[in-house]
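Let's take a friendly walk through this fold together. Have the viewer open and follow along as we go.

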Amino acid sequence: MKVPGRSHFWMWLPFLQLLVSGAEQEGVAGPAVELPRGRGAAVQKRPWVLDGCRRLSGLLRQKAAVLNKLEDAIRVVERDTSLSDQEKLFRVHTLEIFQKELNESENSVFQAVHGLQRALQGDYRDVANMKESSRQRLEALREAAIKEETEYVELLAAEKHQVEALKHTQHRNQSLSLLDEILEDVRRAADRLELEIEEHAFDDNKSVRGVNFEAVLRVEEEEADPQQNLSRREVEEDLGLSMLIDSQNNQYILTRPRDATIPRADHHLIKDLVSIVMLSLPCGWLCTTIGLPTMFGYIICGVLLGPSGLNSIKSIVQVETLGEFGVFFTLFLVGLEFSPEKLRKVWKISLQGPCYMTLLMVAFGLVWGHLLQIRPTQSVFISACLSLSSTPLVSKFLVGSTRSDKEGDIDYGALLLGMLVTQDVQLGLFIAILPTLIQAGAGAHASVAMEALRLLALVGQVLFSLAAVLLVCLLVRTYLVGPYCRKLHVESKGNKEILVLGVSAFTFLMLTVTELLGVSMELGCFLAGALVSSQGHAAAEEVMSCVEPIRDFLAIVFFASIGLHVFPTFVLYELTVLLVLTLSVVVMKFVLAALVLSLLLPKTSQYVKWIVAAGLAQVSEFALVLGSRARRARVISREVYLLILSVTTLSLLLAPLLWRAAVARCAPRPERRSSL
């Protein structure tokens, strides 16, 4: 076996001698680093440097001698006929690991010497050079940690080979019973199964481009019994209860275990959901008692359990992901109550109104941005975020409300839903345009004409996607949804779970289609409900009775996840500024909506504009999603993101009060009680 460490040592020995002779001179690294003379700054002869180098030289000679002995030991083991193949494999593998450990230790020493040489040749005033040296040392440490981890895994494999060799020897020396033979066959089958399903994700991905090595901390949960001592193997097999934290303070929870044959559960997520449900009940009761919507109680629950409160929620990302399903089913039920006949009366207003409002908001944002010296990209993005309204919140307002069907009278519920659907389409457009805003903010394109052409191309792409979605909806309504709903109705008699499963699968199908076509997933859920409602009132009522409880539970998680991003301390610190900004945004959206609708609505339905304007006078929770993406892409600063987050939350808190006031004052009497 060729050992690279021996030649490596003799290659570096002259360099060590030069280093020793250079250390004896007082002017070492003097031309490169000029430190001010002062107390302790004088460079003196240090005998321990020479002694340390002599010791290192002696250790390297011992290492070369040990490597020779290891080579001889490997040859002896390979020639030993009394050992079985498994025993030979184990012993040779162990000796090779020891050889590798010695060579890696030597490499680490000379990497440290290289680092010392670079530091002596550098300039202490050059921060960039120091940063680069620190980065190189960090990369070397990470690679060394990876190698040590690999060697540890190899030692575990060698230990496994040793156990197998001992078992093989025992089986060879004694006769096996029938049960022992069966268990031995099962053991071999289990080993083959583990090899088949095991994914070498670490080894397969560590050389992929863009992959970085990171140092992480593993945080284990405290043991229930302090007297119980667990071995390292038992602790590693219980990774479902551990958490990894990287140097950027991001926290990770196990998603796929190495051994997929053992069922595991994310106990962090279970505890988080239990805490949310248990605390949501008293918070919801409290809000109902004082006359506020229950969703405020769920938001308060999220605030109390979130980072600004008890900080007991560990799986924040998982809770938010589960909450998204609450949005999906809420929009499905909105589409289920949606009447295409009513929308046919207001489709022009529903299409034109949000577009005019967005253009006016962007125009006002550019004016204020110019006065406050804000970059145009930030102004456009902030205005676009604030122009959106909350579809789930308004859907909560409209669920169960009865509206008059007078001839010639416009239904404000249908008008609101139509305008919100248009805003959902705009949301998909904003997400598509966001990369262009990022490039514009970075100055990637110097030509304004090229930027305009790029924006027009993106708008054309989104319009093409919408046309494709409408075509898919027509095909589904003509050929699929009718037979599908009838089949579900027949199969679900006496078995409602088939109905729930079928409706959920259809919703997720439309969600996937709209996402693949580049439109928001929320629009796909709304269209799924609208397609089911086209099959008649009886089918819609049957589906609603089964899906509504699921929606209610998931909506609790969704509104609680919003509360996780509410920071009362920040609001208290900047309360005056946030109240002024929130009231300005709410009043501006209310006035713009009323102005646009007064120009679009007929004279007989002018009272509707105040109710619709009140429903649109808050900021959508999807502004948080857009804001987080823009924050990661550095389109907006941290301060602007916190302002958007706080204004969005406060506007959502004010929305029910404004809605109640508008309905109580402007809605006809028969509609007031149900809408309130």
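In which loop does N311 lie? N311 sits in the loop between α9 (294-305) and α10; helices here are DSSP runs of H or I with at least four residues, strands are runs of E with at least two, and both are numbered from the N terminus. Before we go on, a word on ground rules: this is a predicted model, where local features need pLDDT of at least 70, side-chain atom pairs count only at pLDDT 80 or more, and totals for chains, interfaces and linings use all residues. Residues are numbered from 1 along each chain as its sequence is written, and side-chain values use heavy atoms, with hydrogens and water left out.

N311 has a phi near 55 degrees, a positive value in a residue other than glycine. Most residues other than glycine have a negative phi. With a relative accessibility of 41%, N311 counts as partly exposed; buried means under 20% relative accessible area, exposed means over 50%, and partly exposed is in between, using a 1.4 Å probe and protein chains only.

Now zoom out. The protein contains 25 helices and three strands, and 37% of its 676 residues count as buried. Among its contacts with a separation of 6 or more, 77% join residues 24 or more positions apart, where contact means heavy atoms within 4.5 Å.

Next comes a helix pair. Two packed helices are described by the angle between their axes and the distance between the axes. Helix α10 (residues 316-336) packs against helix α13 (residues 391-398) at an angle of about 45 degrees, with the axes 10 Å apart. That angle makes α10 oblique to α13. Axes are lines fitted to C-alpha atoms, for helices over the stretch in contact, and angles run from 0 to 180 degrees between N-to-C directions; under 35 degrees counts as roughly parallel, over 145 as roughly antiparallel, 65 to 115 as roughly perpendicular, and the rest as oblique. Where they meet, V327, T330, L331 and V334 come from α10, while T391, P392 and S395 come from α13.

The expected span is 1.5 Å times one less than the number of residues. Nine of the twelve residues of α12 are buried, including F381, C385 and L386.

Leaving aside neighbours within four places in sequence, V585 is in contact with L386, V619 and V647. V585 is buried, its relative accessible area being 13%. From V585 to Q618 there are 33 residues in sequence and 7.9 Å in space, C-alpha to C-alpha.

Our last stop is S492, in the loop between α16 (481-491) and α17 (496-516). S492 counts as buried because its relative accessibility is 0%. A polar atom of its side chain lies 2.7 Å from the backbone oxygen of L488. Not counting residues up to four places away in sequence, S492 touches I498, L499 and E542. L499 is one of the buried residues of α17, along with others including F506 and M510. This helix, α17, has 21 residues and reaches 30 Å from first C-alpha to last, close to the 30 Å expected at 1.5 Å a residue. Just after α17, G518 takes a positive phi of about 85 degrees.

Key. Polar contact = N/O pair within 3.5 Å; in protein donor to acceptor, adjacent residues only side chain to side chain.
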